[in-house]
There are 2 protein chains.
Amino acid sequence: MSDNYHHGNLRQALIDAGIKIINESGEANLSLRKAAAMCKVSHAAPYAHFKDKNELVEAIKATVTEKFMEELSAAADASPDAESALVNMGRHYVAFFVRRPDYFKFMFGSQNITAHIRFDKQYENDYPPFDLLKETYLKYLVEKRLDKSEEEKETELLKLWASAHGITAIACMSGVETSFDWEDKIFSDLLIR
Amino acid sequence: MSDNYHHGNLRQALIDAGIKIINESGEANLSLRKAAAMCKVSHAAPYAHFKDKNELVEAIKATVTEKFMEELSAAADASPDAESALVNMGRHYVAFFVRRPDYFKFMFGSQNITAHIRFDKQYENDYPPFDLLKETYLKYLVEKRLDKSEEEKETELLKLWASAHGITAIACMSGVETSFDWEDKIFSDLLIR
DNA sequence: ACTATTATCTTTACAATGTCAAGATGCTAT
DNA sequence: ATAGCATCTTGACATTGTAAAGATAATAGT
């Protein structure tokens with residue numbers, strides 16, 4: 001192939017450029033034209049490989065999902081049994097994205113909310129729904145006369161919030177199918193302990 | 001106030017217009033100029049009330065959070081004790097956004113992933129990480145010789161995924177503070193039952 | 001009541017972007 | 001060798017965010 005005119009593998013190069021842009025300056029800065037420029041190609045060249053910007057975005061997401069899968073599989077394979085595989089996968093699920101928060105924001109679009117889990121100090125939370133949850137949870141502990149360690153409390157509160165948030169995220173995804181009303185059961189389950 | 005020139009409460013009107021746009025055609029379609037047009041005001045008028053587009057977006061988010069809080073508070077207030085308040089809040093947490101998935105997408109940007117929780121039929125999932133989790137969970141059941149109902153399995157699988165996803169989302173938010181390594185504990189906790 | 005100040009809004013302008021259309025270039029199969 | 005196709009370029013246009021300059025209305029101070 002000639003050096004200038006035909007790029008060789010522009011499609012993959014555009015995906016890589018896109019990932020680089022997202023890593024360096026967030027999704028807001030991702031544009032077809034910038035990705036094209038990084039590949040030293042005209043601004044309309046991407047249209048030979050992607051129908052529109054969204055198709056590039058989807059391709060990038062597919063690539064990230066692939067990497068994600070590799071890490072999860074490795075975690076599962078490295079575990080002696082399924083139980084530890086589950087725990088390990090959970091850990092890597094979190095770790096993969098925590099290492100690159102921009103990926104998570106890109107894939108799932110997380111918000112910038114400041115919330116303080118700790119109980120030992122009074123913090124100002126800027127997300128009232130979390131405050132309410134925290135307060136209610138504390139009331140629950142008092143009512144039930146449960147005496148938990150700082151650590152236990154943080155774990156449980158985070159579990160409650162994470163489950164609510166995670167379930168909501170999943171429920172808002174178009175294709176989730178369940179056969180019964182799982183919500184109630186899950187939230188009460190979380191408290192029986 | 002004069003009718004044309006000074007709007008009266010343009011700031012709130014822009015927020016309302018923004019919410020309407022998001023409800024009707026998603027966040028991608030939200031633009032300062034459209035919101036301004038809906039308020040019958042020139043395209044630069046919003047700059048008297050918002051520094052830039054992001055400030056309008058943040059104001060809209062604050063409004064949504066307010067409504068969200070109202071629903072959660074109502075749920076808590078209507079509950080006889082804190083335990084049921086927690087369960088109720090969880091239910092309304094989900095319900096609020098499920099009623100308007102666009103709000104959740106706007107607030108937290110959820111993806112369109114198709115995943116099938118059900119075990120009684122073989123579905124094609126388009127999100128491999130979920131498949132892996134499902135498989136591993138099934139292995140776990142076999143290894144431990146656990147015999148659970150379809151309903152129990154679905155609940156538990158969803159709980160696992162939701163927790164992982166929710167914890168990740170929360171961990172990727174900038175300001176979350178914890179005092180210890182909660183991840184491990186949470187994932188193993190979820191299995192002890 | 002009059003004027004100065006400020007908040008609000010308009011008009012104009014520009015750069016970045018997504019997208020389309022027309023054409024150029026190089027590859028490949030017949 | 002040539003026809004057809006994939007790939008890329010150039011040029012154009014509409015949408016958008018944003019800045020600057022000025023117009024208009026409300027308000028405060030005198």
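Begin by colouring chain A of this predicted model by pLDDT and selecting two helices: helix α8 (residues 182-191) of chain A has the lowest mean pLDDT among the elements of the chain, 61, while helix α2 (residues 32-38) of chain A has the highest, 97. For chain A as a whole, the mean pLDDT is 78, and 71% of the residues reach 70 or more.

Next, select residues 10-51 of chain A, which form domain 1, and then residues 59-186, which form domain 2. Display the contact between these two domains: ten residues of domain 1 of chain A and eight residues of domain 2 of chain A take part. Within domain 1, highlight A:I19, A:I22 and A:N23, the residues that lose the most area to domain 2 of chain A; together they account for 54% of what the domain 1 side buries.

Keep both domains of chain A on display and consider the area buried between them, which is about 760 Å². Carbon and sulfur atoms contribute 70% of that area. Which kinds of residue make up the side of domain 1 of chain A that touches domain 2? Five are nonpolar, three are polar and two are charged. A search for salt bridges between domain 1 and domain 2 of chain A gives a count of zero, whereas one residue pair is in polar contact, with both residues at pLDDT 80 or more.

Finally, move to A:N88, located in helix α4 (residues 82-99) of chain A. Leaving aside neighbours within four places in sequence, A:N88 is in contact with A:A75 and A:S79. Then select A:L157 as well: A:N88 and A:L157 are separated by 69 residues in sequence and by 21 Å in space, C-alpha to C-alpha.

Note on methods:
Residues are numbered from 1 along each chain as its sequence is written. Chains are lettered from A and ligands numbered from 1 in the order in which they are written. This is a predicted model: local features need pLDDT of at least 70, side-chain atom pairs count only at pLDDT 80 or more; totals for chains, interfaces and linings use all residues. Side-chain values use heavy atoms; hydrogens and water are left out. Domain bounds come from an automatic or database domain assignment. Contact means heavy atoms within 4.5 Å. Buried area is the accessible area (1.4 Å probe) that two parts lose on being put together, summed over both. A salt bridge is a side-chain nitrogen of Lys or Arg within 4 Å of a carboxyl oxygen of Asp or Glu. A polar contact is a pair of N or O atoms within 3.5 Å; within protein, one must be able to donate a hydrogen and the other to accept it, and residues adjacent in sequence count only if both atoms are side-chain atoms. Ala, Val, Leu, Ile, Met, Phe, Trp, Tyr, Cys and Pro count as nonpolar, Asp, Glu, Lys and Arg as charged, and the others, Gly among them, as polar. pLDDT is the predictor's confidence in each residue, from 0 to 100. Helices (H or I, at least four residues) and strands (E, at least two) are DSSP runs, numbered from the N terminus.
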